[in-house]
Amino acid sequence: MSAEATTNERASILLVDDMEDNLIALEAVLGSLNEPLVRARSGEEAMKALLRQHFALVLLDVRMPGMDGFETAANIKRLDQTKDVPIIFLTGAEDDSGYAFRGYATGAADYLTKPFDPWVLRAKVTVFLDLHRKNQQLERLLAQEQSDYGEVGSRLAELERELNAEEPPDLAVLRVQVRELRELVARGRGF
């Protein structure tokens with residue numbers, strides 16, 4: 001589904017690394033997913049990008065000058081606007097083994113060491129993109145359900161007004177309204 005996603009379903013991925021070669025490698029591995037890839041060369045740039053645009057996922061280098069990956073992740077998780085964006089930490093194999101624990105403690109969804117296996121990285125990113133799309137689909141369904149619920153309420157109020165009117169209601173009109181209301185309720189239940 002990701003390669004053929006419509007424009008509405010495209011899911012941007014934020015790539016955060018201070019090394020140009022690493023960004024090029026990430027783009028080469030993830031380019032086949034046909035999703036927008038946005039670069040950030042620092043934690044500060046990443047935060048600016050996250051505040052300007054919605055991302056499905058952040059791939060975040062741990063070791064960067066200035067705001068490192070852990071600080072960046074803590075800032076991402078601190079903001080209501082970005083707290084639910086999953087983060088995959090990327091770090092060198094020679095880095096401290098405590099980095100993985102620290103990464104998960106700051107809210108990382110996953111953790112990979114460099115050099116990473118391109119197939120593993122692509123597979124993990126694909127899983128997060130699929131989860132992102134499913135969450136979007138659930139949000140759309142919930143919004144539709146709430147809209148249908150509001151329509152049911154307004155139609156019930158209309159029926160009640162007609163039944164409480166001075167003049168006797170037109171039974172043929174009432175039958176049509178009740179049938180439409182049943183169809184609306186059945187649609188909400190998925191029948």
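Axes here are lines fitted to C-alpha atoms, for helices over the stretch in contact, and angles run from 0 to 180 degrees between N-to-C directions. Helices (H or I, at least four residues) and strands (E, at least two) are DSSP runs, numbered from the N terminus.

This is a predicted model, where local features need pLDDT of at least 70 and side-chain atom pairs count only at pLDDT 80 or more, while totals for chains, interfaces and linings use all residues. Residues are numbered from 1 along each chain as its sequence is written, and side-chain values use heavy atoms, with hydrogens and water left out.

**The overall picture**

The protein has six helices and five strands. Starting at the N terminus, its elements go β-α-β-α-β-α-β-α-β-α-α. As for its dimensions, the C-alpha atoms fill a box of roughly 85 × 30 × 25 Å, taken along the principal axes. The radius of gyration is 25 Å, whereas a compact globule of 191 residues would have one near 16 Å. That radius is taken over C-alpha atoms, and the globule rule is 2.2 Å times the number of residues to the power 0.38.

**The sheet**

Five strands make an open sheet, ordered β2-β1-β3-β4-β5, with parallel pairing. Two strands pair if DSSP finds at least two bridges between them. At the edges sit β2 (37–40) and β5 (110–114), each pairing on one side only. From one strand to the next, the twist averages 20 degrees. Look at β1 (residues 13–16) and β3 (residues 57–61): they pair in the parallel sense over four bridges, and L14 has V58 in β3 as its bridge partner.

Helix α1 (residues 20–30) packs on this sheet and touches β1, β2, β3, β4 (87–92) and β5, its direction making about 170 degrees with that of β2. Helix α2 packs on the sheet too, touching β1, β2 and β3, and its direction makes about 165 degrees with that of β1. Touching, or contact, means heavy atoms within 4.5 Å.

**Helix against helix**

| Helix pair | Axis distance | Angle |
|---|---|---|
| α2 (residues 43–52) and α3 (residues 69–78) | within 9 Å | roughly 20 degrees |
| α1 and α5 (residues 118–163) | 9 Å | about 70 degrees |

With its angle, α2 is roughly parallel to α3, while α1 and α5 are roughly perpendicular to each other. The cut-offs go like this: angles under 35 degrees count as roughly parallel, over 145 as roughly antiparallel, 65 to 115 as roughly perpendicular and the rest as oblique.

α2 passes α3 in a right-handed crossing, and the crossing of α1 and α5 is right-handed. A crossing is left-handed if the near helix is turned anticlockwise from the far one by less than a right angle, and right-handed if clockwise.

Who meets whom? On the α1 side, L26, V29 and L30 make the contact with P118, L121, R122 and V125 of α5. By class, that contact of α1 with α5 has six nonpolar, no polar and one charged residues. In the other pair, G43, A46, M47 and L50 of α2 meet T72, N75 and I76 of α3. The contact of α2 with α3 has four nonpolar, three polar and no charged residues. Ala, Val, Leu, Ile, Met, Phe, Trp, Tyr, Cys and Pro count as nonpolar, Asp, Glu, Lys and Arg as charged, and the others, Gly among them, as polar.

**Two spots in the loops**

K114 and P115 are joined by a cis peptide bond, with omega about -5 degrees. P115 lies in the loop between β5 and α5. N34, in the loop between α1 and β2, has a positive phi of about 55 degrees although it is not a glycine.
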